[in-house]
Amino acid sequence: MNEGLVQALVNGILLGGFYAILGVGFSLVYGVMGIINLAHASMVMIGSYLTFSLFSGIGLDPFLSIPLVAAALFVISWLVQKYLLNSLIRRGFMGMTVVSTFGLNLFLINVALLIWSADYRGVVSSYSGVAFELFGIRFPLVRIIILALSLLLTYVLWLFLIRTKTGKAIRAVSLNREAAVLMGIDVYSIYNITFGIGGALAGMAGALLSPISSITPFMGGPLLGIVFSVAVLGGLGNVSGAVIAGIVLGVAQVVGVHFIGTSWQLAISYGIFILVLLVRPQGLRGVKFVK
Amino acid sequence: MRDLEFKQQEAALARNRLLAQTRNWPLMAVLVAITLLLVAAPFALGGYWMRVLTVVFIFATMAEAVNIIAGYTGYPALGNAVFFGTGAYVAAIAANELGVSLAPAIVLAGLGCVTYAVVLGLPILRLSGRYFLMATLGLMEITREVVLNLDITGGAQGQIFPSVTSDPVLANRLFYYLGFGLLLLTALATWWIQNHNIGLALRAIKFDEEAARAMGINTTVYKTAAWAVSAFFTGMGGPSTGISWPTSSQQRSTRSRPRCGCTSSTCSEERARCSVHCSAPASWSFSPSSCGPASQSSTILFLVLSSC
Amino acid sequence: MEYLMQGFGVSISFGGVQAVKDVDFEVRDGEIFGIIGPNGAGKTTLLNGISGLVPLSGGEIHFRGKRISGVKKPHQITRLGIGRTFQVTRPFEGLTVRENVAVGAVFGRPRGGRKADVHEVVEAAMRFVGNADKRDALVPDLPVAQRKRVELARALAIEPKLLLLDEVMAGLNQKEIEVVMDMVRRIRERGTTVILIEHIMKVVMGLCDRIMVLNYGERLCCDEPDVVCRNDDVICAYLGQRFTQKRRNGGATSGA
Ligand SMILES: Nc1ncnc2c1ncn2[C@@H]1O[C@H](COP(=O)(O)OP(=O)(O)OP(=O)(O)O)[C@@H](O)[C@H]1O
Ligand SMILES: [Mg+2]
């Protein structure tokens, strides 16, 4: 194996960890409520901007701002679910939830345009150029931190889902809503929490993304494609599948780039997404969803 | 459960439509009056408002076209603006590479999109609602990426359609009537579909695709056709705006000066206004990121229309 | 061409579950062919196999001597003249009764040959099932019995040679059952062969010329009603002792 390919593999894994946390929140929301959150990537964008503001305003390190950003997006998402989406679900307008998230997406983009304008922003910390070298392979520090934090946070989510009472309630609702109601679970408050967690995960992903990407109000578009790819590849609604899918996708993308060229990066991901939908629609794991 | 609730809501909407059909003569009169007003409008309006109206026509066309696949057939094609962009590119490339003039270029754009929709539709329309929705959005992204990377499309710079006429007033009117005509044509087609067996088949598919199949409807053919028709009108909308859409760099940065297809540079620096402010739409340009506003506006319009 | 429809070793499986196992059956032209069996025996699944909605995992189904399974798509099978209703009714919810029936008349009738006017066929079908007065009603406004009639009218509007009825009488009251039984008889008199799935034994015994019994996806027996209800396997698997005793004493009532 040549060195370039090994480097590509390493980069792919470093990227894939981030993709995992990018897709997990979306997948969780879909799995529990059946809502396709088209605003997920824009929530990531808002997360990035908040990190940027904290960084440029009070000099807070992007990784240290994660709890703050996550909390902020949790609250926003919680409110959206409680006052917008739940009322639609209650009245049986399930199809309209997608429409609402579509609107929310536009709303967030325009809010970002108003507050932060359309200029490119970036978060450049003192250690952003630092990298280790091992057997001729480069390991950029920032990306290692991103990978580590992504996996850690996803693991925390997983622990939350299987250990805590709330987590168990969320899983119960996702398995069988009617039965959960009969067991005395308040489904709508579980929905609020789930969407809040989805938002918080998006916010975390945004914070993690801020040091390695330029931040614009329109960055959500391409990201949403990645989110779809990860979620579908992992099996929609399948949280652990999303982690594996994120890594697979990251590696596939970077290795693909290694052979085809950088500019095809996103096209590769989307291509995988469409292919998965057509060839193995149930994803790596998960249930079938062709009619 | 959810699907059942959704169906009941749908039925409620259908009931309202039924009521509307029985006594719509006053509505018809109002529609005719509005149509006449719009036909006469170019002789009273300034260039700015004419271009605003032109864009409105095209977006309404797209909304109407989405309605055929999403409203009648029940396949939520939120990424339908991919045909808007594809149409614009097909027309511009046909004009620049083959020297085709505007009218045939527009028809070519429509036909190109029909081909695209049929080729993609056969596999993608097998997916059920939500997955279809995600697939169409993904399709939009993938198409943009591919267009960005191809040579023939001009990469991030996009395409400039050659100037149609040097007279700005004439150009304004040309594109105005083009957009208006397209809207009328789409409305007519929708009306025809609604009152014809095709509409019956599409609505049957929407409410229960499997039962529709068991009643002898070749669902593959009908839903693909619905998407193809939708793509046809959306695709013709692409080259019919006569407007230079902002390129990606203009969308992202307020500092750079919008590059319009027109010669004079009276363009506002504001992103949203750039498109309608060019003094003469005799030529127009289009780039991979131009679909965004069209996609959003037309989808919103469709959603607003379909929920009232 | 003695049989209208024949099944040779028909098997249908969903993942690991084999819902229909190696079932042979033959339906004669002009008869009412009953399929009975306990819940989950695979009756509906077999019907879905016939109408092409689920693929067979083994065996073949022939209609008028020609193979249809695996070579014809569901809509083509319908247009050969095989109409059906669904156990859990599935009329098109947002369409009026008339439009529902029109779907069958427009798209489902056999291709070629001279065809009657769609309007006439629709009106005739609605009159036959007796819901012509509801023609402009929307399906969600209708009670179950009426929904079943919409489905029946829709299936009749395709002018079928063979009609597959999946528990059209379940959930109806005595009077309604009598009415529908009479309809089925008249359908047969018009020359349409009927395959009937039903749990109500009075209906099955009263209507069917021959009955096939399925149990766990397998064919237990297939014979005339009197023979079937004396079959020990059938009594054991489905009818139960009580039913047989009652029958011996005279009136047969609903089994299972
Ligand atoms: N789509 C499906 N996927 C998986 N299993 C299925 C599916 N449809 C049916 N089955 C299984 O196949 C078996 C037969 O079901 P079927 O509906 O044919 O029974 P049935 O004889 O019609 O029963 P009933 O009298 O309750 O209507 C059942 O065990 C059922 O769970
Ligand atoms: Mg059944």
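Me: What makes B:Glu141 part of a network of salt bridges, and which residues are in it?

Reply: The network links B:Glu141 with B:Arg144 and B:Glu145. A salt bridge here is a Lys or Arg side-chain nitrogen within 4 Å of a carboxyl oxygen of Asp or Glu. This is a predicted model, in which local features need pLDDT of at least 70, side-chain atom pairs count only at pLDDT 80 or more, and totals for chains, interfaces and linings use all residues. As for bookkeeping, residues are numbered from 1 along each chain as its sequence is written, chains are lettered from A and ligands numbered from 1 in the order in which they are written, and side-chain values use heavy atoms, with hydrogens and water left out.

Me: How do you know that B:Arg144 and B:Glu141 form a salt bridge?

Reply: Their closest N and O atoms are 2.9 Å apart, which is within the cut-off, so the pair qualifies. Over all chains, the rule gives 16 salt bridges.

Me: Why are B:Arg144 and B:Glu141 said to be about one helical turn apart?

Reply: Because they are 3 residues apart in helix α6 (residues 129-149) of chain B. Helices are DSSP runs of H or I with at least four residues, strands are E runs of at least two, and both are numbered from the N terminus.

Me: Is B:Glu141 buried or exposed, and how do you know?

Reply: B:Glu141 has 10% relative accessibility, so it's buried. The scale is simple: under 20% relative accessible area is buried, over 50% is exposed, and partly exposed is in between (1.4 Å probe, protein chains only).

Me: What makes the bridge between B:Arg203 and C:Glu99 one that joins two chains?

Reply: The side chains meet at 2.9 Å, N to O. B:Arg203 lies in helix α8 (residues 197-207) of chain B and C:Glu99 in helix α3 (residues 97-108) of chain C, so the pair joins two chains. At 17% relative accessibility, B:Arg203 counts as buried too.

Me: And why does the pair C:Lys134 and C:Asp133 get called a salt bridge?

Reply: Their N to O distance is 3.6 Å, and that passes because the rule asks for within 4 Å. C:Lys134 is partly exposed at 27%, whereas C:Asp133 is exposed at 63%.

Me: Which residues does C:Gln146 touch, and what makes it buried?

Reply: Leaving out residues up to four places away in sequence, C:Gln146 touches C:Asn131 and C:Lys134, where contact means heavy atoms within 4.5 Å.

Me: What makes a set of residues a nonpolar core, and which ones touch the most other members of the largest?

Reply: A core is a set of buried Ala, Val, Leu, Ile, Met, Phe, Trp, Tyr and Cys residues joined through side-chain atoms within 4.5 Å. The largest has 206 residues, and A:Leu38, B:Trp227 and C:Met169 touch the most other members. Helix α8 (residues 187-209) of chain A gives the most to this core, with 14 residues.

Me: Why is the B:Leu27 group called a nonpolar patch on the surface?

Reply: A patch needs residues with over 30% relative accessible area and no salt bridge: like charges are joined within 9 Å, nonpolar side chains (Val, Leu, Ile, Met, Phe, Trp, Tyr) within 5 Å. B:Trp25, B:Leu27, B:Met28 and B:Leu31 form one, with about 470 Å² of accessible area together (Shrake-Rupley method, 1.4 Å probe; for residues, only the protein chains shown count as cover). B:Leu27, in helix α2 (residues 25-40) of chain B, has 52% relative accessibility, so it counts as exposed.

Me: How is chain C divided into domains?

Reply: Domain 1 is 1-81 + 161-256 and domain 2 is 89-159, with bounds from an automatic or database domain assignment. Their centres, taken over C-alpha atoms, are 24 Å apart, and 16 residues of domain 1 are in contact with 15 residues of domain 2.
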